[in-house]
Amino acid sequence: GASTFFEHNRETCAVSEDYCQPKNKLWVPLTNTKAYLNAGVGLNSWSGRMELRGFESHDNGLSVESLSDGFWIDNMLSACRSGEPIALPSAVSITRIAGDGFQFYDTDNAHILTDTTFRHCGYRSPEFDQYDQSPNRGCGDDAQTGCSSSSSVWSFLTHSDQFNPELMQGTRGIVMESVGKRYHLRNFNGDNEPATVSGRTQNWLDVDGSVSELYTPTLIASADPPAWWTVDDNVVQDPQGPLVFIKQNDGPERNLAHVHMEWDAALHNQVGGSICGNGNRASCPSVGLLRHRGPRFQDGMPLKPPGDVAGPAGGFGWYMSMQDGKSPVELTMSLIEVDPSTPLLFSIAYPPGTSVSVRYVASYCTPSSNWSCEEVFTSANSVLAVRQGEGNLFHYSASTGLLTIRIVMTAQSYTGRPDWELATWDTDGESWRGKALDRFDRGGVLLPKMAWGPYLVLSANCPSSDNVYCNQSINTNAVEAEVDNVCPAGMDQVSYDKCCGSSGCVFANGSQES
């Protein structure tokens, strides 16, 4: 409208200010555009937020890629191969024009694709015929109309242990016409390299199931590790990525969540250097484990020094254990992304007799009679009370030392007005900010956007020789017995969020399925 257009370090903004506030952010619109016969990328944007609508890509190496915290592609046609012969210099192979559809980038991005068609993308091979066996699908080895053997409709950058995805990608209304290989977890060091943190934490909201072709809301994720992402026997295994397709409506509160954790500054400061690098093959040792609560899940996601984890939320909860039975004196959580309607329970154990405290701390906050900057959690008498609470309760089992909290998204610069509140997508924030919780939503897809600065901290009052870990170890057997005690008597765990028996089934939130 009448707003002036400003540029702030790739930040398109409606007003001139040092930091563009969320309600003032603008998107660069680009409509009704075509790109063709480019050996590289048809359209590549590293220059901020954009809405790309009515774009056509024909015979390009890669149709589109973007490095942006808000990039919407709507009504796109990606024809990776048109079928027309491509004239090339005599010394150049057709494989130099790879023929890829779309590539999701590494970290702090947000991509939404809606009402988009991919046509003749992905390499045609007997290895990738799980979805289509037609002889003309995708693209093959023809010298003038072929493509690279690594070509896929969708690809994910998975070379890094240092830079890892949050909840960054969502789709609706996707059509894949006559395509070959659909999915590729792309590690530029080679597909046979050891799994990375970025590879294990890949995730995707397929809100209508049009990508998975299940045609029900689906959570797509890496197939590795299976004990983390394969949450029940109804999960569909994709062999190409490999990926998993989790049916979201198989549970009442299923969704995805992301958390960044820190507990040992000396360890974390080595990330990106001597350990856990950005595709440099540096060692990235496991220092613990995150698993779902319940006896069905005795393995899970390896906990690595970067402290990044993404996974299925809405179940009985995540349990974090450290090697050698250690407990951190202080565990900080930040960059939280989770839908307010999806409870994310988190448990960690401490040595028996340890006293604990939990608090949220806002950033850029000045306390006043109207605004609070810190919220100290209060004790609840059950884990269910924590689940059903507002995100400021904890349950602590004195006998085992097991602490359970609910992790929620909070506003960036306050914890209450002045009292604590569990913010929803409709909750208003400060007048200069707009809504309390940041998000990127377009075309019926909503991606939570983490707030920079606020954090949740779990503190243990325990003897410690190094001020990092408690001297005493946890009582592992007692703790894990409590962690696994999620089902009512006579029922067995069948999913990360459900137990069943002869009388029916009960979900983690207490609702019943007959």
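**Figure 1. Strand 17 and its two partners.** Three bridges tie strand 16 to strand 17, and the two run antiparallel. (Helices, H or I with at least four residues, and strands, E with at least two, are DSSP runs numbered from the N terminus; two strands pair if DSSP finds at least two bridges between them.) This is a predicted model, in which local features need pLDDT of at least 70, side-chain atom pairs count only at pLDDT 80 or more, and totals for chains, interfaces and linings use all residues. Residues are numbered from 1 along each chain as its sequence is written, and side-chain values use heavy atoms, with hydrogens and water left out. (Buried means under 20% relative accessible area, exposed over 50%, and partly exposed in between, using a 1.4 Å probe and protein chains only.)

**Figure 2. An aromatic cluster, with a look at Phe104 and Phe156.** Phe245 turns up again here, in one aromatic cluster with Phe102, Phe104, Phe118, Tyr131, Trp154, Phe156, Tyr183 and Trp204. There are 17 aromatic pairs in the structure. Take Phe104 and Phe156: their rings form a tilted pair, 5.6 Å centre to centre with 40° between the planes. (Rings of Phe, Tyr and Trp, the latter by its six-membered ring, pair if their centres lie within 6.5 Å; planes under 30 degrees apart count as stacked, over 60 as edge-to-face and the rest as tilted.) The pair links distant parts of the chain, with Phe104 in strand 9 (residues 100–104) and Phe156 in strand 11 (residues 154–157), 52 residues apart. Phe104 is buried at 0% relative accessibility, and Phe156 is buried too, at 1%.

**Figure 3. Asp232 in its loop.** Look for Asp232 in the loop between helix 2 (226–229) and strand 16 (236–238). Asp232 has 7% relative accessibility, so it counts as buried. Its side chain reaches the backbone nitrogen of Val235 at 3.1 Å. (A polar contact is a pair of N or O atoms within 3.5 Å; within protein, one must be able to donate a hydrogen and the other to accept it, and residues adjacent in sequence count only if both atoms are side-chain atoms.) Setting aside neighbours within four places in sequence, Asp232 is in contact (heavy atoms within 4.5 Å) with Asp250, Arg254, Arg296, Val494 and Ser495. Asp232 also belongs to a network of salt bridges with Arg254 and Asp497. (A salt bridge is a side-chain nitrogen of Lys or Arg within 4 Å of a carboxyl oxygen of Asp or Glu.)

Figure 4. The whole structure has 20 salt bridges. One of them joins Arg296 to Asp233, with the closest N and O atoms 2.8 Å apart. Arg296 sits in the loop between strand 19 and strand 20, while Asp233 is in the loop between helix 2 and strand 16, 63 residues apart. Arg296 is partly exposed at 32%, whereas Asp233 is exposed at 66%. In another, Asp74 meets Arg53 at 3.2 Å, N to O. Asp74 is buried at 9%, but Arg53 is partly exposed at 36%. Arg387 and Glu253 also pair up, their closest N and O atoms being 2.8 Å apart. Arg387 lies in helix 4 (residues 383–388) and Glu253 in the loop between strand 17 and strand 18 (255–262), 134 residues apart. Both Arg387 and Glu253 are buried.

Figure 5. Strand 19 (residues 288–292) runs antiparallel to strand 20, joined to it by three bridges. Gly288 has Leu303 of strand 20 as its bridge partner.
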